[in-house]
Amino acid sequence: MDICKTLEDMNIVVVGHVDHGKSTVVGRMLADTNSLPEGKLEQVKANCRRNSKPFEYAFLLDALKDEQAQGITIDSARCFFSTEKRNYIIIDAPGHIEFLKNMVTGAARAEAALLVIAADEGVMENSNRHGYLLSMLGIRQVAVVINKMDLVDYSREVYEGIVLEYSRFLKKVNITASSYIPVSGMIGDNIAANSTERMPWYTGMTVLEQLDSFISEGLPADMPFRMPVQDVYKFTMNNDNRRIVAGTVETGRLAVGDSVTFYPSGKRSSVKSIESFNVSPPEQIMAGNSAGFTLTDQIFITRGEIAARSDEKPPEVAARLKTNVFWLGREPFSPGKRYFIKIGTAKVECSLERVGRVMNASNLNSEKKESVERHEVAECILNLKKPVSFDLTDELAATSRFVLIDGYEISGGGIITGAMEDELSDVRHQVMIRNTNWIKSSISREDRAYRYKQRPSLIIITGPRQSGKKTLARELEKVLFQNGELVYFIGMGSVVYGVDADIKNRNKKNREEHIRRAAEIINIMLDSGMILILTAIELTSHEIELIRTIANPPDILTIWTGEKVTTDINAELTFGGNDNKMYVERICRNLADRGIIFKGI
Amino acid sequence: MDHLEKLEARSVHILREAYSQFKQLCMLWSIGKDSTVMLWLARKAFFGHVPFPLVHVDTSYKIKEMIEYRDRLALEYNLDMVYGQNKEILEKGFTYPNGKCSRIECCRLLKSEALKNTLSGEWPRYRMNHGTGKYEIDTNREPFTGVIVGVRADEEGSRSKERYFSPRDKNNDWDVGDQPPEFWNQYKTDFAPGTHVRIHPLLDWTEADIWEYIEKEGIPTVSLYYDRGEGIRYRSLGCAPCTSPIESSASNVAEIIEELKSGKLRNIAERSGREQDKEDGGGLEELRKDGYM
């Protein structure tokens, strides 16, 4: 391949219903721009003559694909050609519905699309489905190529009928086509040259002119800064002390000295330095960069958070999402099943709460359904196990996009249209404010973990009254302490009569407040690097979630004592008897396995 | 951002995703220009560090300079360097250069088989001891579940169909017809036990991109790529008996780029000096289905 590097590149995807002539249009473009290897056209024509079949430009693509196997220019999915303005990479997306996931893979890389509709067949199911997917994938520049005009006698009426029908459809999916071009790939009308003789009524652009008038999308640097955190690196080799927040900038820009806030945690710090390798560090990072920076404070953040600038509009945080989903999985997307959502760098367990409208791809009429079948598009409400940070699709498209994992496979994609409340929304909001205003220490969590030779962790022991919670907690504390761990046992009773002395009545609402305050204490003690053992009577899964939301323990181990589990809790360990020696051993093994404590006991 | 900056950013993103998602991760380093650029990109991604082992499949027929260069860089960059080999077949002498089997069979035994068993930990791995500079049998025999490979889509037919994250089943097989969807920088990072994922950070790079990046960054490459006064150089590196140099007087990176873009190499395939391609019907698809890189 010989792409001259001085021209800009643009990826174009060609989509449309099967047999509407995508390959013919592409083949014709290659031929008419002299982008074919020498003698190729003649060779394919000669082949056709020998086999007594009429020559078609689509055969050119097939021939080029064969040639590519010998290592020269074209591949099965992509081919290249240049105009005076640009180098184009044409992605020929499969039109057959079976290949929708390949179409999505190809189209997602494109900056603009040609959508081919055959004049003789008109708008078909996949014309609409592909149009809809282009919209969801975020491709806003779409030109509609109405092909096979030769088969309808170059009829203006047919052309205008399709324009009317299809523009109505595109409007529903928020796309305004750049143009509707009547062409014949076979004859060559309006591909590279105007067809004034056969279609004098059409005075618009040819396909090539249209390609050149697509706008090369600049990187979205003038929007709010968003960088999903891929990792926080602390490589110690060669005495490297840097703690680098790494990720790819989706939008906006960030410079040294800027105040940066991480979501969903709400933790805040400032950019101390921008890091790089083998080049002098840039003064700022911006959209498209795979970047890394260090912070002035030792705040603890992890993969999955989004870095935003504190002086710009913050992203949303929620655990319930209003979305539009397209489903590619063989099994339908159904409520009651366990999935994972991947958004930015976050990956969180989720379930389908409810299906809203399921769009019929061929006419965009909606129907009511319980689940989403393969190749369907639907409005869905998703329930996440933990909150994620994102933007709404109308505001910042890049950070509104997610995929859904069923088992081991990416089985769907979607965009977020709304953030919804859940029962922990208020608490979460308070926690974010607390984190943002936290008075920072100069000692990092890693420093403490290194010094104490343990990772902070919360062990919750819960169960009915008189089930041996406190006895077990004390035994566990003693063993861990004797082993050199920094450990502390805190019973709910220690909180209720002191910190909670102002709460008089024991009712359900107050119980939640007791737990909230205990969780705030736990948060502080975990931050100090402790392993904490909490005992409380009959905690529910909601109460555990409340503690998790407030204290955000890096690790949490829940243990139920007592023969029968009397709440909806899903404890990791259940101990029915009183063999505390064995229970303590099992807990210690669990802690060692998860790397909370570094040495075996 | 220019063309090379965009390519670099995507590759770095992919490498970081791989590092965060795969506990048992390694990078295959063939010593050639592509995987050496990939190694450089890893140092970009991790700010001078390479936080996973580099694995080399040593057929014992590699050109001498390649092994010297490998060990020199391993020491200089502080690489966790590991190699694997099909010792049994080499001891039996059942190879193409010995006249005992065909080229393709030799590739299969010395490369595909050695790779498969090195990745799975079935066969011993030899790991560099940085104290002595010598290789020792590695005690870690856990299978690698993420394998970073420097293939490029423009190299030959089967590679153009690859994904950035491409699953392999228990037998190392690749199902070309049913590949995972890949969009919005989201990749297949979940996999069933016993299977693994190949990661391809260089998929979008062309041969010219590779050389332009080598020039831009000043990446050290093995001397075999350059003419040293005899009017020949290697364009693609493999085993000595099955790789021939091309006629070229390009003696530095700039001259190679010039030769690629305007000169006589414009319409000649990069791997034209690699004999196994020709015998595999030109597509390498059969070898690659079997685990070949």
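In helix H1(A), the residues A:Lys22, A:Ser23, A:Thr24, A:Val25, A:Val26, A:Gly27, A:Arg28, A:Met29 and A:Leu30 are buried. The model is predicted, and in it helix H1 of chain A, which spans residues 22–32, is mostly covered, with nine of its 11 residues buried. Just after H1(A), a positive phi of about 55° is taken by A:Asn34.

Chain A as a whole is divided by the domain assignment into domain 1 (8–213), domain 2 (226–309), domain 3 (316–427) and domain 4 (445–593). Helix H1(A), at residues 22–32, thus falls within the bounds 8–213 of domain 1 of chain A. The centres of domain 3 of chain A and domain 4 of chain A, taken over C-alpha atoms, are separated by 34 Å.

Chain B contains 293 residues, of which 48% count as buried. Its secondary structure comprises nine helices and 10 strands. Among contacts in chain B between residues at least 6 apart in sequence, 72% join residues that are at least 24 apart.

Eight strands of chain B form an open sheet with mixed pairing, in the order S5-S4-S3-S2-S1-S6-S8-S7. Strand S5 (134–137) and strand S7 (165–168) of chain B each have a single partner strand and stand at the edges, so one side of each is left without a neighbour in the sheet. From one strand to the next, the twist averages 35°. Within this sheet, strand S6 (residues 146–148) of chain B runs parallel to strand S8 (residues 196–199) of chain B, and three bridges join the two. B:Gly146 has B:Val197, in S8(B), as its bridge partner.

For chain B, the domain assignment gives domain 1, made up of 3–205 + 278–289, and domain 2, covering 207–275. Contacts between these two domains involve 24 residues of domain 1 of chain B and 21 residues of domain 2 of chain B. On the side of domain 1 of chain B that touches domain 2 of chain B, at least two residues each are supplied by helix H1 (3–21), helix H2 (33–45), helix H3 (64–76) and helix H8 (275–279) of chain B. H2(B) gives the most to this side of domain 1 of chain B, with five residues. By class, the side of domain 1 of chain B that touches domain 2 of chain B consists of 12 nonpolar, three polar and nine charged residues.

Methods:
Residues numbered from 1 in each chain as written. Chains lettered and ligands numbered in written order. Predicted model: local features only at pLDDT ≥ 70, side-chain atom pairs only at ≥ 80, totals over all residues. Pairing = 2+ DSSP bridges. Helix = DSSP H or I, 4+ residues; strand = E, 2+ residues; numbered from the N terminus. Axes fitted to C-alpha atoms, helices over the stretch in contact; angles between N-to-C directions. Domains from an automatic or database assignment. Contact = placed C-beta atoms within 7 Å. Nonpolar A, V, L, I, M, F, W, Y, C, P; charged D, E, K, R; others polar. Buried ≥ 20, exposed ≤ 12 C-beta atoms within 10 Å, placed from the backbone.
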